[in-house]
There are 4 protein chains.
Amino acid sequence: MIECALFGAGRIGKIHAGNVARESGAKLKYVIDPNEEAASALAAEHGATTATTERVFADKAIGAVMICSYTDTHADLILAAAAAGKQIFCEKPIDLAIDRARSCADAVARAGVTCMIGFQRRFDPTFSAIKTRIVAGEIGTPEMLIVTSRDPGAPPIPYIKSSGGIFKDMLIHDFDVFRWILEDEAETVHANASCLIDSAIADAGDVDSTAVTIRTKTGRLCQINTSRRAAYGYDQRFEVLGSAGMLQAGNHAPTQVTAYTKTAVARDLPMHFFLERYRAAYANEMAHFFAVLAGKEKVRTTIEDGLKALELAEAATTSWREGRIVQM
Amino acid sequence: MIECALFGAGRIGKIHAGNVARESGAKLKYVIDPNEEAASALAAEHGATTATTERVFADKAIGAVMICSYTDTHADLILAAAAAGKQIFCEKPIDLAIDRARSCADAVARAGVTCMIGFQRRFDPTFSAIKTRIVAGEIGTPEMLIVTSRDPGAPPIPYIKSSGGIFKDMLIHDFDVFRWILEDEAETVHANASCLIDSAIADAGDVDSTAVTIRTKTGRLCQINTSRRAAYGYDQRFEVLGSAGMLQAGNHAPTQVTAYTKTAVARDLPMHFFLERYRAAYANEMAHFFAVLAGKEKVRTTIEDGLKALELAEAATTSWREGRIVQM
Amino acid sequence: MIECALFGAGRIGKIHAGNVARESGAKLKYVIDPNEEAASALAAEHGATTATTERVFADKAIGAVMICSYTDTHADLILAAAAAGKQIFCEKPIDLAIDRARSCADAVARAGVTCMIGFQRRFDPTFSAIKTRIVAGEIGTPEMLIVTSRDPGAPPIPYIKSSGGIFKDMLIHDFDVFRWILEDEAETVHANASCLIDSAIADAGDVDSTAVTIRTKTGRLCQINTSRRAAYGYDQRFEVLGSAGMLQAGNHAPTQVTAYTKTAVARDLPMHFFLERYRAAYANEMAHFFAVLAGKEKVRTTIEDGLKALELAEAATTSWREGRIVQM
Amino acid sequence: MIECALFGAGRIGKIHAGNVARESGAKLKYVIDPNEEAASALAAEHGATTATTERVFADKAIGAVMICSYTDTHADLILAAAAAGKQIFCEKPIDLAIDRARSCADAVARAGVTCMIGFQRRFDPTFSAIKTRIVAGEIGTPEMLIVTSRDPGAPPIPYIKSSGGIFKDMLIHDFDVFRWILEDEAETVHANASCLIDSAIADAGDVDSTAVTIRTKTGRLCQINTSRRAAYGYDQRFEVLGSAGMLQAGNHAPTQVTAYTKTAVARDLPMHFFLERYRAAYANEMAHFFAVLAGKEKVRTTIEDGLKALELAEAATTSWREGRIVQM
């Protein structure tokens with residue numbers, strides 16, 4: 001039985017708490033959040049208690065921590081957890097600053113603990129089926145990857161301001177998908193971007209629409225298009241063209257209803273946002289974390305993966321800001 | 001907190017036990033099954049114990065029973081549960097004999113307990129969305145209902161022999177869908193049927209392929225086609241034609257992958273069988289049962305519904321055996 | 001070069017005239033229609049002239065006639081054409097009276113001419129691909145056929161009155177599809193039907209919604225559902241369940257646009273009605289007729305096929321009127 | 001009646017000849033091709049004769065010419081046709097050299113003749129429906145355009161060598177789609193590209209896979225991905241994200257058959273290549289040309305459009321060769 005502490009009682013923290021509760025070999029002991037009400041409520045729901053950060057790391061019984069708190073707390077918590085020898089599950093990004101993220105990776109390596117990064121898309125049934133089928137050779141050699149990643153609506157401006165920018169906040173997942181699906185590294189990154197939705201986003205120094213092109217070391221090509229707003233909901237698709245065919249990941253819908261009326265043949269919109277769309281992915285991800293801790297599986301989203309995705313986000317940011325192609 | 005006893009530790013019993021475990025207001029206390037090993041394993045998984053039937057009904061603390069055991073035990077258990085004043089959730093059918101099923105309904109009525117029948121399709125996200133949209137008037141007045149219901153493969157012959165025949169075993173769900181969707185009752189039933197898959201099914205006195213037509217009291221038409229074998233898996237669809245349009249319920253697939261190869265554009269087969277396909281329906285159904293017991297909802301699949309579906313199954317059986325249209 | 005005469009300058013006559021014009025080995029010489037204006041216009045469009053029926057059959061140069069005139073003229077024209085030794089293409093039905101239709105078939109046989117019936121669905125790209133794939137064994141042995149056949153709207157009441165009823169007017173095509181796809185003959189026919197759309201149709205002695213079940217001599221099952229009105233347009237689908245899989249014929253749409261908006265993911269309605277939906281089928285059908293006359297192909301929709309479909313329509317009418325299952 | 005001369009009796013010449021034949025106000029008089037056999041056969045099929053280029057331009061009766069010959073003949077023929085006052089339909093590209101293409105545009109302007117460029121995609125039912133719906137405001141303001149354009153297989157190396165490179169040969173259509181759909185002009189062009197299919201293409205100085213990003217003067221973004229080989233056939237899709245939704249153009253398939261077997265739910269591959277896929281577009285395009293000549297419509301794909309697309313192709317070629325973002 002692994003006793004766990006969860007940092008962050010927000011939306012994603014609740015999801016992870018629920019998934020920890022489903023693990024027979026794990027028990028949620030502490031919930032930590034500066035918002036005491038949120039912490040207490042989530043702790044109560046799972047028979048846990050609230051605690052201070054100090055108490056968590058001082059408690060020898062704690063085997064693992066889930067870091068689902070604000071981005072600016074991730075690095076400190078990783079460093080403290082590594083120092084205390086706790087196993088770590090951490091939401092992306094490691095940190096907005098690459099140097100600091102590297103320090104975290106180093107600390108984790110020195111401590112010899114697991115630090116799994118929450119790139120949940122790798123655990124999504126549709127996405128992971130594509131990975132499996134590529135590996136099985138169904139489409140020959142993958143040559144091009146086209147990723148479409150659009151949110152249903154832009155977050156509030158204060159969120160934008162502290163997000164590190166769209167590339168580190170939103171595309172970091174797409175950069176991880178790129179590395180995971182093509183099993184290749186970037187040679188060049190070109191990011192074009194615009195503020196088309198809300199000028200307040202531009203005023204905050206960010207953009208809301210991007211078009212990224214990555215060329216890999218082996219000459220393969222990846223295009224990523226993103227938007228902070230899709231009127232029709234959360235749009236999460238990609239397609240891989242290989243020498244022998246193509247695999248497409250489509251959106252998931254709440255039901256399989258088709259309606260025929262005087263005007264159209266209509267189906268459901270995609271599931272609204274990440275909490276619904278990636279419900280199964282989050283469950284699979286947490287199950288993987290505990291399987292790793294139990295020695296049954298090898299961690300699939302390492303802190304190195306987190307670092308590499310961050311480097312791509314940094315390069316894309318530079319490419320956009322300086323209007324040039326960035327060599328990796 | 002409602003303490004529960006679950007009869008039957010088979011496939012469907014396990015599903016229900018898991019869903020009871022998820023209810024905050026319920027606790028599984030007993031699991032009863034002649035197969036002691038199965039009963040013990042399921043009980044252990046949920047912190048329950050095994051018990052005899054006598055002990056269950058003698059235990060005043062038990063508030064509800066889930067009857068997921070063999071069909072021939074359903075009526076006795078309903079009668080005993082009603083006599084003991086327990087709330088009842090019972091898998092279909094009530095009994096293979098209509099008279100005995102009626103006695104159960106009478107006993108339930110006299111006892112004043114709830115007896116919810118496990119017509120889980122009414123709780124499926126796709127199916128229930130269609131019901132909601134019909135009620136909202138999206139397709140005007142429903143006029144015709146076409147139901148396609150095919151299993152991935154025929155059950156073993158011993159199962160066939162004790163099943164009461166395909167109409168009571170398999171189509172009973174489709175008959176309930178008919179009544180629920182059209183909100184109308186049958187005036188005539190015509191069932192044509194054949195044994196096309198395995199002659200051993202004919203030897204067992206049953207058929208494996210059916211084509212049923214129901215005309216309702218208001219002149220609306222329903223066609224149901226079923227087969228014990230669809231090479232491509234579990235096929236569960238229906239469509240409702242109304243004066244202003246049509247709503248179709250399509251199959252659910254495990255992933256949203258589309259594969260383009262030299263030969264075809266291919267998507268996943270439907271989810272294999274009822275345990276996968278109706279996972280959400282089973283969860284919603286059990287949540288409804290406890291919401292009914294808590295007085296928050298009115299029971300949506302009553303023992304009367306079970307009786308009506310059984311009457312349709314009986315009429316269809318007669319129609320097929322005697323080669324005639326049956327007046328209800 | 002085969003010189004042709006076309007009877008009937010209505011909607012379907014125009015289609016056939018256009019397709020004859022595309023045949024390099026054929027020439028439209030005469031157009032015959034009591035509506036002189038329509039006859040003249042169509043004749044002019046294709047460099048033909050109008051003529052009387054007598055002149056057509058007296059003209060030795062005429063090799064073939066296309067009978068696209070009112071149903072009540074078909075038999076007389078077939079008999080006259082056969083007597084004159086002309087090759088015949090005739091729209092369905094041969095005649096509303098089976099005896100008279102049989103006389104036509106006999107006359108055609110005696111004359112040794114071809115009489116192809118316009119069951120154009122057999123020549124539709126989607127429908128014929130399914131036939132080809134069944135024959136190739138893709139789904140094993142066909143066991144069940146489900147046909148959905150719905151018009152966008154009911155025809156005027158005067159049309160209904162002279163149509164011979166929905167079974168001879170509308171379902172005759174579905175009956176031919178049944179025979180063609182299953183390559184089997186009916187043993188029993190059961191037709192249930194209602195007037196749900198417009199009571200004036202009932203006043204005219206007809207119905208607008210039908211549910212037909214056919215059992216074949218080898219025990220296979222076919223269900224046909226039809227309606228005179230689908231708010232969303234012309235609905236022409238069927239599916240064949242075989243021992244190794246299923247083949248579905250879907251509707252054709254004008255474009256492949258998908259629109260994602262705030263409310264739905266929407267695609268085009270099906271092509272509106274038979275002239276649009278079966279455009280390719282009509283062209284293929286006429287090409288086949290001339291290929292038959294050129295000795296390159298064997299006629300695929302014979303007058304015997306027309307007779308068999310008519311017998312099924314007659315049986316269905318009886319089944320509906322008398323409320324009984326009809327033995328063939 | 002406009003008498004026409006058609007240059008080039010190859011695949012696309014045959015298509016255009018057939019479409020000219022369908023025009024009631026046009027007549028094909030001459031077919032010109034250095035391959036005399038091809039010229040004679042095509043001329044014979046349409047009641048035309050072969051001719052020399054000199055004779056065509058000397059024949060006062062000729063009102064229009066269709067230039068479907070090799071790319072390196074286009075400019076000379078445009079200049080000669082303009083000089084002779086003939087109306088011009090010309091396949092893309094005007095010429096591989098921009099200066100020469102500009103000279104052609106100037107000559108056409110001076111002569112006051114129409115010179116329509118064969119950007120047939122604008123006349124495709126699916127593509128043009130999207131344009132119409134954007135203009136109608138269905139998706140608000142268009143913000144991003146994603147174009148997927150893949151051929152079923154690479155052309156022979158000699159073709160590659162004389163093609164002007166993939167950007168001028170293949171993407172020129174996509175560049176026109178970009179301008180047409182977004183109604184905007186490029187500010188920057190970035191083209192990444194690789195040779196992933198056949199190293200002989202690289203040896204010929206070309207690439208076979210490209211990833212292009214265009215930023216428009218108003219800050220909108222367009223991504224184009226192309227490949228010379230899609231194992232599954234001709235892949236021609238695009239999607240437009242707007243402020244209020246998205247419109248997608250999907251592939252067209254030969255039939256609407258869906259096959260369910262033990263392994264998958266499979267649909268047809270896309271129509272194989274441009275002759276099949278754009279059959280309707282070619283017919284609509286030629287009808288438009290004659291409607292323009294008749295003064296009924298305003299030419300929709302002008303020689304200026306041809307020039308602009310060529311400039312984008314040139315910029316993309318430079319971007320790829322020099323590894324930099326090109327300012328327009």
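In this predicted model, D:Pro93 lies in the loop that runs between S5 and helix H5 (98–111) of chain D, and the peptide bond that joins D:Lys92 to D:Pro93 is cis, with omega at about -10°.

**Backbone geometry**

- In chain A, the peptide bond from A:Lys92 to A:Pro93 is cis, with omega near -10°, and A:Pro93 is placed in the loop between strand S5 (87–90) and helix H5 (98–111) of that chain.
- A:Glu183 is not a glycine, yet its phi is positive, at about 50°; the residue belongs to the loop between helix H9 (171–182) and strand S8 (186–194) of chain A.
- With a relative accessibility of 58%, A:Glu183 counts as exposed, because the cut-off for that class is over 50%.
- D:Glu183, although not a glycine, likewise has a positive phi of about 50°, and its place is in the loop between helix H9 (171–182) and strand S8 (186–194) of chain D.
- D:Glu183 is exposed as well, its relative accessible area being 56%.

**Aromatic pairs and clusters**

- Over all chains, the count comes to 40 aromatic pairs.
- One of these is formed by C:Phe289 and C:Phe290, an edge-to-face pair with 5.4 Å from centre to centre and 70° between the planes; both C:Phe289 and C:Phe290 are buried.
- In chain D, the rings of D:Phe89 and D:Phe289 have centres 5.8 Å apart and planes at 70°, and the pair is therefore edge-to-face, since an angle over 60 degrees is what that class requires.
- Because D:Phe89 lies in strand S5 (residues 87–90) and D:Phe289 in helix H12 (residues 279–293) of chain D, this pair ties together parts that are 200 residues apart in sequence.
- D:Phe89 has 0% relative accessibility and counts as buried, and D:Phe289, also at 0%, counts as buried too.
- In chain A, one aromatic cluster is made up of A:Phe127, A:Tyr234, A:Phe238, A:Phe273, A:Phe274 and A:Tyr278.
- A member of that cluster, A:Phe127, has the charged end of A:Arg277 over its ring, 5.5 Å from the ring centre.

**Helix H5 of chain B**

- Helix H5 (residues 98–111) of chain B has 14 residues and reaches 20 Å from its first C-alpha to its last, which is close to the 20 Å expected at 1.5 Å a residue.
- The buried residues in H5(B) include B:Ile98, B:Ala101, B:Cys104, B:Ala105, B:Ala107 and B:Val108.
- An α-helix has 3.6 residues a turn, so residues three or four places apart point the same way.
- Within chain B, the buried residues of H5(B) pack against helix H4 (71–83), strand S5 (87–90), strand S6 (115–117) and helix H13 (303–322).
- Just after H5(B) comes B:Gly112, which takes a positive phi of about 70°.

**Surroundings of A:Phe119**

- A:Phe119 lies in the loop between strand S6 (115–117) and helix H6 (125–135) of chain A, and with a relative accessible area of 1% this loop residue is buried, because buried means under 20%.
- If residues up to four places away in sequence are not counted, A:Phe119 touches A:Lys92, A:Ile172, A:His173, A:Asp176, A:Glu285, A:Thr301, A:Asp305, A:Gly306 and A:Ala309; among them, A:Lys92 is the residue from which the cis peptide bond to A:Pro93 runs.
- Between A:Phe119 and A:Tyr282 there are 163 residues of separation in sequence, but 9.2 Å in space, C-alpha to C-alpha.

**Contacts between chains**

- Between chain D and chain A, 42 residues of chain D are in contact with 42 residues of chain A, and the area buried between the two is about 3100 Å², of which carbon and sulfur atoms give 55%.
- The count of salt bridges between chain D and chain A is six; one salt bridge joins the side chains of A:Arg229 and D:Glu143, at 2.5 Å from N to O.
- The contact of chain B with chain C takes 42 residues from chain B and 43 residues from chain C, and these chains bury about 3100 Å² between them, 55% of it on carbon and sulfur atoms.
- Six salt bridges are counted between chain B and chain C, and C:Arg150 forms a salt bridge with B:Glu239 in which the closest N and O atoms are 2.9 Å apart.

Definitions and conventions
Residues are numbered from 1 along each chain as its sequence is written. Chains are lettered from A and ligands numbered from 1 in the order in which they are written. This is a predicted model: local features need pLDDT of at least 70, side-chain atom pairs count only at pLDDT 80 or more; totals for chains, interfaces and linings use all residues. Side-chain values use heavy atoms; hydrogens and water are left out. Rings of Phe, Tyr and Trp (its six-membered ring) pair if their centres lie within 6.5 Å; planes under 30 degrees apart count as stacked, over 60 as edge-to-face and the rest as tilted. Buried means under 20% relative accessible area, exposed over 50%, partly exposed in between (1.4 Å probe, protein chains only). Helices (H or I, at least four residues) and strands (E, at least two) are DSSP runs, numbered from the N terminus. A charge sits over a ring if NZ of Lys or CZ of Arg is within 6 Å of the ring centre and within 35 degrees of the ring normal. The expected span of a helix is 1.5 Å times one less than its number of residues. Contact means heavy atoms within 4.5 Å. Buried area is the accessible area (1.4 Å probe) that two parts lose on being put together, summed over both. A salt bridge is a side-chain nitrogen of Lys or Arg within 4 Å of a carboxyl oxygen of Asp or Glu.
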